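Here's a walk through one protein model, from the whole chain down to a handful of rings. Have the structure open as you read.

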Amino acid sequence: MLHCLRVGLGAAVLGAWLPTASPVVAAADVEPLARPSALSFQHFVVDEQPPRNPWVKLAGDFDGDGKLDIAIGGQSGPLVWYANPDWRKIQVAERGWSTVGGAVGDVDSDGDVDIVPGAQVWFENPRPKGDPTKDAWRPHRISDLGSHDVALVDLDRDGRPDLVARDQSSFGHNAGNRIHLWRQEGPDQWRHHAVDCPPGEGLAVGDLDRDGDSDVVIGSRWFENDGHVNGAWRQHTFSTNWTWADTKVALGDLNGDGFTDVILAPAELQGQRHRLAWYEAPHQAAQPNWQEHNVDAPVEAVMHGLAVADMNGDGHSDIVTARMHQGAAPQEVSVYLNLAKENRWRKVVVSERGSHDILVADFNGDGRPDILGANHGGPRQPVELWLGQAPKRAAAGPLRVHPANPRYATDGTTNVDGSLKAVYLTGSHTWGNLCDYPERWPTFDFIGHLDFLERYHHNFIRLWSGDGLGHKPVPYARPGHREGRRPQGGPGQIGSGLL
């Protein structure tokens, strides 16, 4: 007889991924051994009724108080910002500016954070002489071009931020075949240059060739900055295997070798399938055919949110994704934890209600990264934060019935006043057919079951096991906690849980 089901949810568990059919793509794998504590978030709604269809989502310290504020732009306006920490809403402009993306930064070099909602205009922060919560944000025209993806970065290292933008090719736009660059010659003077590229959407900027300036990356290729905004922008193909046009792009060092890797996700279109993958940067960025690593496949092509950050503080860069509301359920906001072992990832689902163009930053100043998002359309469009929480601490040892209240358990550790810490066990029990009778029932997805229980905050499982004595609860925690180790001791002890 087999006893496989484990007691307690002492750590997060990775669900299984389907490997890609392509032989050149390395498949993601599941880490079955000891794991760190679960990643958890507190959900907070900044605004239940933001500007309609909140396409633009930005973050910056607009009032100079040291806290990250939030800016939101509706499809047709208005453009507003929310003052952290009470999230008071302040209007910047009434109309929209033909964009999905945007950027923030000190455009006019006066020491404050301005807002750039696309490639048509930027809004000057009233600081340092004025009050951004009361005074008007002066608009400055950049161009007449619409945009989907926008980055504000000093391309020629002259001390003034320049602008990079790309429109999209789907939905009748047919305008994602050029990368647009504007060299800032003054707050109201922007010199335009364009570079041809394959149709599609998505871009990111970063120094791929380690020469000190920012290059431009799109799906499958990058454009080399020669130090001049109006330069040649030589094109390099890092993958011939990625052929998806509408792609979210993020950059980060995923394997800790000091080189900037590229992460790609399929952003459009609803109902189609592709994969989430990353491309390992070689020592020479101009080298073709970077090694591709599959993270998750197949995924629906509605992954219109992509970011890279160390979400659990273990020193490794993780991947954060969001699926749009129009995708098939569940529309997940997820963190793929980087296990730093040859393409092993653990997926943690943060939400199943969709989001779009998420941002990852520390909004509450506790040193842990948070997630900002909002659905771009549909019936549910609140501006939301998922605030990263301190890691859950596993119990110090086998749990015992708490002497002060038998409804609780304790691991023997004490509070500041000397009283025993209480652990409330909440969860479910299951039957022996999950493992005890494999010849009569199909193989059970234990990892998926534990993920489900943890998602709904269960921290305890009671296994009913058949020992030839009929179905009844065993008198002690037979299988141990979720890493598979058996608890020490005998009757009266309970497998490890979470505090």
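Take contacts between residues at least 6 apart in sequence: 51% of those in the protein chain join residues at least 24 apart. Contact here means heavy atoms within 4.5 Å. This is a predicted model, where local features need pLDDT of at least 70 and side-chain atom pairs count only at pLDDT 80 or more, while totals for chains, interfaces and linings use all residues. Residues are numbered from 1 along each chain as its sequence is written, and side-chain values use heavy atoms, with hydrogens and water left out.

The protein chain has 1 helix and 34 strands, taken as DSSP runs (H or I, at least four residues, for helices; E, at least two, for strands) numbered from the N terminus. Of its 499 residues, 54% are buried, meaning under 20% relative accessible area with a 1.4 Å probe, protein chains only. The chain exposes about 21500 Å², with carbon and sulfur atoms supplying 49% of that; the areas come from the Shrake-Rupley method with a 1.4 Å probe.

Now for the inside. In soluble globular proteins, nonpolar side chains tend to be buried together. The largest nonpolar core has 17 residues, and Phe-238, Val-262, Tyr-279 and Trp-290 touch the most other members. Such a core is a set of buried Ala, Val, Leu, Ile, Met, Phe, Trp, Tyr and Cys residues joined through side-chain atoms within 4.5 Å. Strand 19 (261–266) and strand 20 (273–280) are the elements that give two or more residues to this core.

Which residues make up the aromatic cluster? Phe-238, Trp-242, Tyr-279 and Trp-290 form it together. A search of the whole structure finds 8 aromatic pairs, counted when ring centres of Phe, Tyr or Trp (its six-membered ring) lie within 6.5 Å; planes under 30 degrees apart are stacked, over 60 edge-to-face and the rest tilted. Two of the pairs share Tyr-279:

| Pair | Centre to centre | Angle between planes | Type |
|---|---|---|---|
| Phe-238 and Tyr-279 | 5.4 Å | 65 degrees | edge-to-face |
| Trp-242 and Tyr-279 | 6.5 Å | 90 degrees | edge-to-face |

Phe-238 lies in the loop between strand 17 (234–237) and strand 18 (247–252) and Tyr-279 in strand 20, so their pair ties together parts 41 residues apart in sequence. Trp-242, in the loop between strand 17 and strand 18, is 37 residues from Tyr-279. Phe-238 is buried at 0% relative accessibility, and Tyr-279 is buried at 0% too.

Note on methods. Buried means under 20% relative accessible area, exposed over 50%, partly exposed in between (1.4 Å probe, protein chains only).
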